[in-house]
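Hello,

Here is the structure we spoke about. Please look it over; my notes follow below it.

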Amino acid sequence: MALVLDEEQRMLKDAAREFLTANAPVAQLRALRDERDPLGYRPETWRAMVELGWSGVLVPEAQGGLDFGHVGMGQISEEAGRTLTASPLFATAVLGVSALVLAGTGAQRAALLPAIVAGELTLALAFDEGPRHDPNVVATRLRKSGSGWVLDGAKAFVPDGHSADCLLVSARIADSAQLALVLVERAAPGVTVERVVMADQRNSANVRFAGVAVASDAVLGGGEDAGAALSRLADIGNAHLAAELLGLAQEVFQRTVDYLNTRKQFGVLIGSYQGLQHRAAHLYSEIELLKSLVLKTLQALDAGSDEVPVLASLAKAKAGEVATLATNEAVQMHGGVGMTDELDIGFFMKRARVAEQLYGDHRYHLQRYASLCGY
Amino acid sequence: MSDLEQFRRETRAWLETNCPQSQREPVVEFEDRCWGGTKWKFTSDDQKRWLEVMAARGWTAPDWPAEYGGGGLNKEETKILREEMQRIGARVPLFSMGLSMIGPALLKYGSEALKRQHIPNIVKGKIWWCQGYSEPNYGSDLAGLQTRAEDRGDHFLVNGQKVWTSYADRADWMFCLVRTDPAAPKHAGISLVLFDMNTPGVTVKPIRLISGKSPFCETFLDNVRVEKDQLVGELNRGWELATYLLTHEREMIGSIGQSNVDARLYPAAIAELGLVHGQLADSALRTDIARWEMDHRAFELTAERITDEATAGHGVGAASSMLKYAGTEINKRRHELLVAIQGQRGLVWEGDAYDHGITATQWLRTKGNSIEGGTSEIQLNIIAKRILGLGRE
């Protein structure tokens, strides 16, 4: 398959950029922070996204979605990275939908996906249990109790965990090696949610589950092992985080180049100095390399390729490295003004680090890549 | 079945029948790649046959016009041919500056007579071309070149010295940048001419490199007679051609990392270091290799993406500088790692038991990748100025 967007994908990308730039620019995130907004996103922005169909980009047509695939959704993720837009898009429309598509029974999909498409249901994936991504650590337990189940444990740094209607919780089935993915209402008895304000001002939460009753139809897939689905979910999450980081890196780089082309010192534009030109040109080259890995990974997801795990790790690793470089260079090249809160540059740096840590930084993914290759 | 599917099926079958097994082995030694020319000694009958059958179809230059002996394939067909060759690990049948540089320039700028004279011989690999560009005092500042070509009526008389002439000692013809108007601003007085290396007054002296090899020469030009009909394009407009040729050279050098060889490093590392609990015994080397493989994969995909974007009409200019910069830096890292994987053995210089120091000589050769065809620093200058628009007052 050619490594280019088709006409429809390009149109979606252009439309996403237009909408996000006009309706949810970095200034919106700044305002949410300044107001200490309890929700952490603008419901009217999310409603508009739902009307544009973005909540259903990954939903099959049978459940009222657009079934437009990860390449399409990835363009929205990338554009949302440029504007640092906070919304339920990632937790609900990417991860929540994918969890249901990958692990849900027909009945579960039929019951929940149309509600997501309509913007009536938001989800959050409660996956990691510590500050560093480690899919092998699942101490949260699901044990049989009468006709249903009981959930006990704790999850850390759940994106949208404090605002989503329902949580999708990974848990180990008691006395077995099997993993399960269960749907729990955030307001259910026994669920305690503590919002954590992160450096990027996005929504995260630590969540405890103490004897939470789970009906048998709230276990995705009816109790089939969810290990493979969870692994693929992490790959999907990382592919879209890589797309977001690509958008973020491109935007902060463009702002830096613009600054180099306007700021004068010693009577000349600072962009005329080779010491800065070469670093900027190197960064340009790195962003070009990242673009190709991200697109290839999104295409592999849509094609159901065997290479998804390898590519997702390569894309996320490269995205983490490139976004780190782009934001560090942005602050350094802006000089003192880059350190001020008045400029948006700092917002890009903070989001870059949080997005990299989520589901594994470049160190984690280089190690995972090596393991997947057998070394 | 679409025409393209039909083409793929026929190409696959034809390659299966016609590509000798030995020409599907990875390229290791310099001579494994056929460069052609009158002085070329084929390493085997297979190498000769592979060149001949491919040249007969014009598939040494698949997308060149059939009227000059090229394959006449469109972009999609060319891509399919490349994919099908990669599928069986087929070697490129002919590797030459005729194909990668002067051929495209002749097709774009050359007179009909020059095309008829030279293109078919390039396709068939009959002539080995070398490039007369750099001079002792004009490397990165190529446009300052001083080799003079005086107008003597029916011919030019060329005097000067070229350096870093690749394989001038094996080449048959040179395409050479010369100054035809010393009074004009430096970019406006240059022309591109072609001449036979056997012309009286041409002297070649190989340069010994840190690798111990001599792939480059100094070329001395003393009263060399060049016929007027061997001027490519217009007089004094040679810089435009030089830039065009440099773009092709950058693409060729940048693509050095791409070949029919499995470029991944980890199989060699596993063989050398072994695994402990499923991981390479040296965890720092493991990370270095993984990071290199990440960048290498990203680079290969970028070369593919830029080709696909150009096909779809969304290409950006100056992409060749980015590919040249990234590709050569990644290739240098590859060879540093190959040495590191082998430890002391990777640095052996002589001896049958050590492949005659091939790891070390190849490692040293790659140091030139980011110098030849415009240094990495020149590529970064080009990206900064042409793509990013930096430094304009």
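The lining of the largest cavity is made up of four nonpolar, three polar and one charged residues. This is a predicted model, and it holds one cavity of 30 Å³ or more. The space in the largest cavity comes to about 30 Å³. Its lining consists of Tyr41(A), Pro88(A), Thr92(A), Thr122(A), Leu123(A), Asp160(A), Ser163(A) and Ala164(A).

Now the interface. Chain A and chain B each bring 43 residues to the contact. About 3700 Å² is buried between chain B and chain A, with carbon and sulfur atoms giving 60% of that area. On the side of chain B, the residues that lose the most area to chain A are Arg286(B), Met294(B) and Arg305(B), together 17% of what that side buries.

There are four salt bridges between the two chains. Lys318(A) pairs with Asp295(B) in a salt bridge, where the closest N and O atoms are 2.5 Å apart.

Which elements of chain B supply at least two residues each to the side that touches chain A? They are helix H7 (266–273), strand E10 (279–280), helix H8 (283–311), helix H9 (319–342) and helix H11 (376–387). H8(B) gives the largest share, 17 residues. Sorted by class, the side of chain B that touches chain A has 21 nonpolar, eight polar and 14 charged residues.

Regards

Key. Residues numbered from 1 in each chain as written. Chains lettered and ligands numbered in written order. Predicted model: local features only at pLDDT ≥ 70, side-chain atom pairs only at ≥ 80, totals over all residues. Heavy atoms only, no water. Contact = heavy atoms within 4.5 Å. Buried area = accessible area lost by both parts, 1.4 Å probe. Salt bridge = Lys/Arg side-chain N within 4 Å of Asp/Glu carboxyl O. Helix = DSSP H or I, 4+ residues; strand = E, 2+ residues; numbered from the N terminus. Nonpolar A, V, L, I, M, F, W, Y, C, P; charged D, E, K, R; others polar. 1 Å grid on protein atoms, 1.4 Å probe; cavity = no way out; pocket = protein on both sides within 12 Å on 5 of 7 lines; lining within 4 Å. Points joined across faces, edges and corners; volume = space filled by probe spheres on them.
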